[in-house]
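Subject: Handover of a structure for your reading

Dear colleague,

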Amino acid sequence: MKIEKVKATIEVPFIQFTLPNFDDHRKNIIDSIEKEAIENQFEDLSEGMRTPWHIIKYDAIKWLADQITNTIGKFDKLQEGSLFCNEIWGIIYKGANNHKLHNHYPATWSAVAYVDCQQGSGKTVWPDIGKQIEPVDGNVCIFPGYLNHYVQPTVGAIRRIIVSSNIVNNRRTS
C-alpha cells in the first residue's frame with residue numbers, strides 16, 4: 001500500500017459572517033474568557049493565555065457556539081446528521097504573540113470568532129488557499145478542520161481576544 005499527499009487545486013468552503021446582536025453578548029464573552037484564561041499549558045502552538053478546551057458552560061459562549069453551528073447548518077444540503085460543537089475555547093494574545101501553523105483535523109469544521117481585536121491585531125492566514133483575514137470584532141470565519149492556518153504576530157502591546165471552536169457532524173447511519 002502506498003499513501004501520499006498530493007497538492008491539488010480544489011474549491012474549499014469558507015464561510016464568513018457577522019454575529020447578529022454581537023454587542024449584546026460581547027462583554028459576557030470577554031468576561032468568560034478572562035475568567036478561565038491561564039498561561040497556555042494546553043498545547044505548544046500558541047503564545048499568550050488561553051482557556052481550557054470546553055468553556056461552553058457560559059451562556060455567552062453557548063450562544064456563540066449556536067450561532068456558528070446554525071450558520072453551518074444553512075449550507076448543509078445533505079442534512080445527514082446534527083452539528084455539534086465539541087470544543088470551544090478562548091485565546092488572549094498580547095504584544096507580539098502569535099499562533100504557529102496548524103489545523104484542527106479531525107474536526108469537520110473549525111471557526112474563529114473575533115471578539116476584541118484592536119487595529120494592528122495579527123491577521124489569520126490560510127496559506128493553502130491564499131486567504132488572509134484582518135480581525136474585526138463580531139466577525140466569524142468557518143472553514144474545514146483540515147485547513148492549515150496561523151496567526152501573524154500582533155503589533156505593539158495590543159490585546160487580541162478570539163474564540164476558536166471545532167464542530168463535528170454526528171451523522172445518522174440508518
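The chain has 174 residues, and 48% of them count as buried. Please bear in mind that this is a predicted model.

The secondary structure consists of two helices and 11 strands. Read from the N terminus, the order of the elements is β-α-β-β-α-β-β-β-β-β-β-β-β. As for contacts in the chain with a separation of 6 or more, 78% of them are between residues 24 or more positions apart.

One of the helices, α2, covers residues 59–75 and therefore has 17 residues. From its first C-alpha to its last, α2 reaches 25 Å, which is close to the 24 Å expected at 1.5 Å a residue. Several residues of α2 are buried, among them Trp63, Leu64, Ile68 and Ile72. The buried residues of this helix also include Gln67, Thr69 and Thr71.

A further point concerns the surface again. Ile10, Tyr105 and Tyr146 make a nonpolar patch of about 390 Å². Tyr105 is found in the loop between β5 (99–102) and β6 (109–117). Is Tyr105 buried or exposed? Its relative accessible area is 63%, and the cut-off for exposed is over 50%, so Tyr105 counts as exposed.

With kind regards

Key
Residues numbered from 1 in each chain as written. Predicted model: local features only at pLDDT ≥ 70, side-chain atom pairs only at ≥ 80, totals over all residues. Heavy atoms only, no water. Helix = DSSP H or I, 4+ residues; strand = E, 2+ residues; numbered from the N terminus. Buried < 20%, exposed > 50% of the residue type's maximum accessible area, 1.4 Å probe, protein only. Contact = heavy atoms within 4.5 Å. Expected span 1.5 Å × (residues − 1). Patch = residues over 30% accessible without salt bridge, like charges linked within 9 Å, V, L, I, M, F, W, Y side chains within 5 Å. Areas by Shrake-Rupley, 256 points an atom, 1.4 Å probe, with all protein chains shown as cover. Salt bridge = Lys/Arg side-chain N within 4 Å of Asp/Glu carboxyl O.
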